[in-house]
Amino acid sequence: MNGKAPLVVVGDALLDRDVTGRAERLAPDAPVPVVDDCGERTRPGGAALAAYLAARDGRDVTLVAGVGDDPASHALRRLLEPWLTLVPLPLTGPLSEKTRVLAQDRPVVRLDRGAGRTREATDAAREAVRSAPAVLVSDYGRGTADALRDVLAARPPLVWDPHPRGGPPVPGTRLVTPAEKEAHGLAPQDGTARRDLHAAAHSAAALVRHWRAAAVAVTLGARGALLSYGEHPLLVPAPAVHPGDSCGAGDRFAATAAGLLADGFLVAEAVEGAVAAASGFVAQGGAAAVPSADAEPAPPPGDDDPHALAARIRAAHGTVVAAGGCFDLLHAGHVGLLQAARRLGDCLVVCVNSDESVRRRKGGGRPVNPLADRVRVLRALACVDAVAVFDEDTPERLLADLRPDVWVKGGDYAAADLPEAALLQEWGGQAVLLPYLDGRSSTALMERAAEGAR
């Protein structure tokens, strides 16, 4: 047992396919790109993706979804079979398929086929929902949630991920998770066409009342999510902004939030965890980087494992940036340095000296702040993805394990003071200096504080 609560996912399953290649020329007969050297990969989509991600998190997952006897349905069954229990519902037609054609990892076109809808509920599906310890509804507007609405109304789900083509969540749902555009389209209108934070807060509050839900979390993409109980909203910012493929991030958000609520977390805690998970999902490559069915489950992402973070970013062909220092009294110079460092790549790992290492370097009375406090403050910065600690005078041993692509130090160092530079060259990395803000230093802060005390 891993201590994670089981989860039943109710919703509309899809089969997603990515056809990826390179586009370096236009077709001779039309002004359209030619995508060469294509590879093809299928994965679960819709509610099946949410269920699959939850199962790969280590949960016991049951998926209640429409699945037929067509080739797409058979392919989806093969992808899901090793990971979760499927309770199939009859379809009126073939399973819906979405095919994305990507060039240089950017979508060029999407091809949809299959308009199958869930025809009716079954006794097995009703029993799965009635006996579920926790339910996530992933409604893609293809009839599954509607077929089971009476049972869901009697057993309100923890999370309902809505779709404009689907019905409203049942009253009593603990958390509804529309995207910003969906929330604006689904909320009772007041005539405004705004799409800013004020509009998102207004839509969320209106939907809490309209749906009679306990809470609504409007997902805002790179800005995070806005959580409303009908009054003053809570904005949960994303820990970092990633420019990658956001396809599937909503399913990652809903699956994480439902799982955390099932584990006993508060709604605000679940939303915070879901924002972090969705942000990490995009950083890893989005839906295109979802592990195949035969891949071993990876340890969940988290601030506590900078080595796993670096490995994930490298696997997605991203750039790993590391920066180092004592960061005893965090000041504007430190923050500016770390923000600039984060912009150099796809993640930032801060390598921080242990208390003993600081004492050897700075002398008695340092550090002013113990290691646990320094790490907590660094992790609170949106530009910092992970923190690693080293005990030596220099971080060379830690860097040899992390193998970052870029190593950053403050501009008050000279090239001769960077023994790490030669080490970085061993794996093709680069050491760089970034300027500090003039006049900012921990020593200067301590001296001014001492003068003030006198």
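**Entry 1: ground rules.** I noted that this is a predicted model, in which local features need pLDDT of at least 70 and side-chain atom pairs count only at pLDDT 80 or more, while totals for chains, interfaces and linings use all residues. I also noted that residues are numbered from 1 along each chain as its sequence is written, and that side-chain values use heavy atoms, with hydrogens and water left out.

**Entry 2: two arginines with positive phi.** I placed Arg212 in the loop between α7 (197-211) and β11 (216-219); helices (H or I, at least four residues) and strands (E, at least two) are DSSP runs, numbered from the N terminus. Arg212 has a positive phi of about 55° although it is not a glycine. I wrote beside this that most residues other than glycine have a negative phi. I then turned to Arg403, which is not a glycine either and has a positive phi of about 50°. Arg403 sits in the loop between α14 (396-402) and β17 (406-410), and with 39% relative accessibility it counts as partly exposed.

**Entry 3: helix α9.** I followed helix α9 (residues 267-283), whose 17 residues reach 24 Å from the first C-alpha to the last, close to the 24 Å expected at 1.5 Å a residue; the expected span is 1.5 Å times one less than the number of residues. How many of the 17 residues of α9 are buried? I found that twelve of them are, which leaves the helix mostly covered; among them are Val267, Ala270, Phe281 and Ala283. Just after α9, I found Gly285 with a positive phi of about 120°.

**Entry 4: parallel strands.** I looked at strand β4 (residues 61-66) and strand β5 (residues 85-89), which run parallel and are joined by five bridges; two strands pair if DSSP finds at least two bridges between them. Ala65 has Pro88 in β5 as its bridge partner. From β4 the chain passes through helix α2 (residues 71-80) to β5, and this β-α-β crossover is right-handed, a term used if, with the strands pointing away from the viewer, the path from the first strand over the helix to the second runs clockwise. I then found strand β15 (residues 347-353) joined to β16 by five bridges, and these strands also run parallel. In this pair, Val352 stands opposite Val389 in β16. Strand β16 (residues 386-390) has four of its five residues buried, so it is largely enclosed by the rest of the structure.

**Entry 5: salt bridges.** How many salt bridges does a search of the whole structure find? I noted 18, where a salt bridge is a side-chain nitrogen of Lys or Arg within 4 Å of a carboxyl oxygen of Asp or Glu. One of them joins the side chains of Arg17 and Glu40 (3.1 Å, N to O). This pair links distant parts of the chain, with Arg17 in strand β2 (residues 13-26) and Glu40 in strand β3 (residues 33-46), 23 residues apart. Arg17 is buried, with a relative accessible area of 13%, whereas Glu40 is exposed, at 58%.

I next looked up Arg100, which forms a salt bridge with Asp18, their closest N and O atoms being 3.0 Å apart. This pair also links distant parts of the chain, 82 residues apart, with Arg100 in strand β6 (residues 97-103) and Asp18 in strand β2. Both partners are buried, Arg100 with a relative accessible area of 9% and Asp18 with one of 4%.

The side chains of Asp393 and Arg360 also meet in a salt bridge (2.8 Å, N to O). I placed Asp393 in the loop between β16 and α14 and Arg360 in helix α12 (residues 355-362), 33 residues apart. Asp393 is partly exposed, with a relative accessible area of 44%, and Arg360 is partly exposed as well, at 43%. Finally, I recorded one network in which salt bridges that share partners join Arg17, Glu40, Glu97 and Arg113.

Key:
Buried means under 20% relative accessible area, exposed over 50%, partly exposed in between (1.4 Å probe, protein chains only).
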